[in-house]
Amino acid sequence: MPEKIDYSDKPRRSIAFIGSECHPFVKTGGLGDVMYALPRVLAKQNCDVRVILPRYECIPWKYQEKMVYRGEFYMGLGETGREYYVGIMEYIHDGVVYDFIDNQEFFSGPKPYYSLVDDIPKFCYFAKAALAALNFMDWIPDIIHCHDWQAALVPVYLRTLFAGSRVGGAKTIMTIHNLRFQGIYNIPTIRYWTGLPDEAFDHNCMKQNFVDANMLKGGIAYADRITTVSGTYAGEIQTWEYGENLDAHLRYHSGRLSGIVNGIDYDMWNPAKDPAVVYPYTVKDVLKKKKKNKLALQKELGLEEDEDRFVIGLISRLTDQKGLDLVNAVVHQIMDEFTEVVVLGTGDPWYEDAFRYYEQIYKGRFSGCIQYDEARAHRIYAGVDALLVPSRFEPCGLTQLNAMHYGTVPIVRETGGLKDTVEPYNKYENWGNGFTFDRYEAGLLLDAINRAKECYFTEKEKWDDMVRRDMEKDVSWENSANQYRELYLSLTQW
């Protein structure tokens, strides 16, 4: 367990988190986990935290009915010539205040995101409304922590249209969770919805390719500090290969760029208390209980029940980014009488169909669960021996952290947060906590899997040592939150 630090005598700072999703209200990926877990830990570290989110119509009613009305006002938006309603609904839980920006014109519908045509106006409105709401509530934070392109206009608005307001003195941090998504649209449209001055649309800020405006690029240019979700990814995104056409811009601002790896929430991910796990366990009884959970998982998924089989899990969005083309290339070489594979996820139809096909031809040894099932994911972490994360790129990755905390050995590609969190196994020194490969090649993935299988079948004591090391490794949010806290203090030295 992570070492507990007394923060009661540490300097107190106020932080407003602004982002487009947050568990349990609405979540489509890792951003939702971070927006939930990091503020909760910071609140326990003597920080005053608010999270500002859109009040989507799709937020479950059990949360909406507990929201309390905090007020409303009208706000001009860009060159529209209209005043737009801004309602503020509040929900308090576990020391964190959640303020939801209410406007049915922008936030109706059964899901949070649609196409850029719909989402660009939505998040131009949201970024401005979030700042206006802070002024309206007279809650002026020391730090405004913005997440991904949907909140990237906040630093731009703050240093231009809000420069003379009370909130204008706040410091800003822009966190990039996945550089692939940037909020790019033509300049006239974004000028129309934002009303930002001309300097916001030059090449040093949002202008890109002479005709487009890039909202994330603007946030990077105007923020006081830029972070991303692992140290390795912070370096990778400054290269042509991973920079998504922003590598030069990021290199220019590299003096303000750093990486802080994500953690996982030990309240949500705890094999000793996990209600989804059939046989809960700790590091003391993991070897015995994982075998029982393996048998339970095999029974649940219709696999041949044998505790001595090497069971490989894959929990992922089924897309090229996640390295599934490599997996697809080596499936037939992985499958033998001693190995079983479990896949859980949805995504590209081609991959969904491929994994259904493998389930048919390898009956009893391959399970393709083409669905999103949170409880089943927990049982897979508890029941498999190894987890594949062979990503083409991975800003941080949470699945390998979940796997390690559940005593499941990760097999990963050395990229982004995977490289930062998984130390390659060294058979001669009996050290390391997973199996890795570097270049993005199917043969190297197969080699890593075979090295894991060799260790499992021929050096079981060393494998068991690795399982225990993984469970004992601190992958909680405590350390990461403390690094963010120190970053906040470095920006507000008073």
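Helix α11 (residues 324-334) and helix α12 (residues 349-361) pack with their axes 11 Å apart, at an angle of about 20°. The model in which this pair is found is a predicted one. Because angles under 35 degrees count as roughly parallel, α11 and α12 are described as roughly parallel to each other. The crossing of α11 past α12 is left-handed. On the α11 side, the contact involves Leu-324, Asp-325, Val-327, Asn-328, Val-331 and His-332, which meet Trp-350, Tyr-351, Ala-354, Phe-355, Tyr-358 and Ile-361 of α12. By residue class, this contact of α11 with α12 consists of 9 nonpolar, 2 polar and 1 charged.

The axes of helix α16 (residues 442-458) and helix α17 (residues 460-472) come within 5 Å and cross at roughly 110°. Since angles of 65 to 115 degrees count as roughly perpendicular, α16 is roughly perpendicular to α17. Here Ala-452, Cys-455, Tyr-456 and Thr-458 of α16 are in contact with Lys-460, Trp-463 and Met-466 of α17. The residues of the contact of α16 with α17 divide into 5 nonpolar, 1 polar and 1 charged.

**The chain as a whole**

These helices belong to a chain whose secondary structure comes to 18 helices and 18 strands. The C-alpha trace spans about 70 × 50 × 45 Å along its principal axes. A compact globule of 494 residues would have a radius of gyration near 23 Å, and the chain, at 23 Å, agrees with that value. Of the 494 residues, 61% count as buried. Among contacts in the chain with a separation of 6 or more, 72% are between residues 24 or more positions apart.

**Residues in loops**

Several individual residues in loops may be described in turn. Gly-168 is placed in the loop between α5 (153-159) and β7 (171-176). With a relative accessible area of 13%, Gly-168 is buried, because buried means under 20%. Not counting residues up to four places away in sequence, Gly-168 touches Leu-158, Arg-159, Phe-162 and Ala-163. The C-alpha atom of Gly-168 is separated by 59 Å from that of Glu-454, which is 286 residues apart from Gly-168 along the chain.

Asn-262 is located in the loop between β12 (257-259) and α10 (286-301). This asparagine also counts as buried, at 8% relative accessibility. With neighbours within four places in sequence left aside, Asn-262 is in contact with Val-34, Val-229, Cys-396, Leu-398, Leu-401, Trp-477 and Ser-480.

Asn-209 lies in the loop between β9 (207-208) and β10 (212-214), and Asn-245 lies in the loop between α8 (231-236) and α9 (247-252). Although not a glycine, Asn-209 has a positive phi of about 60°. Asn-245, likewise a residue other than glycine, has a positive phi near 70°. Asn-209 is exposed, with a relative accessible area of 52%, and Asn-245 is exposed at 68%.

| Residue | Relative accessible area | Class |
|---|---|---|
| Gly-168 | 13% | buried |
| Asn-262 | 8% | buried |
| Asn-209 | 52% | exposed |
| Asn-245 | 68% | exposed |

A further backbone feature concerns a proline. His-23 and Pro-24 are joined by a cis peptide bond, with omega about 0°. Pro-24 is situated in the loop between β1 (13-18) and α1 (30-44).

Technical notes:
Residues numbered from 1 in each chain as written. Predicted model: local features only at pLDDT ≥ 70, side-chain atom pairs only at ≥ 80, totals over all residues. Heavy atoms only, no water. Axes fitted to C-alpha atoms, helices over the stretch in contact; angles between N-to-C directions. Helix = DSSP H or I, 4+ residues; strand = E, 2+ residues; numbered from the N terminus. Parallel < 35°, antiparallel > 145°, perpendicular 65-115°, else oblique. Left-handed = near helix turned anticlockwise from the far one by under 90°. Contact = heavy atoms within 4.5 Å. Nonpolar A, V, L, I, M, F, W, Y, C, P; charged D, E, K, R; others polar. Buried < 20%, exposed > 50% of the residue type's maximum accessible area, 1.4 Å probe, protein only. Rg over C-alpha atoms; globule rule 2.2 N^0.38 Å.
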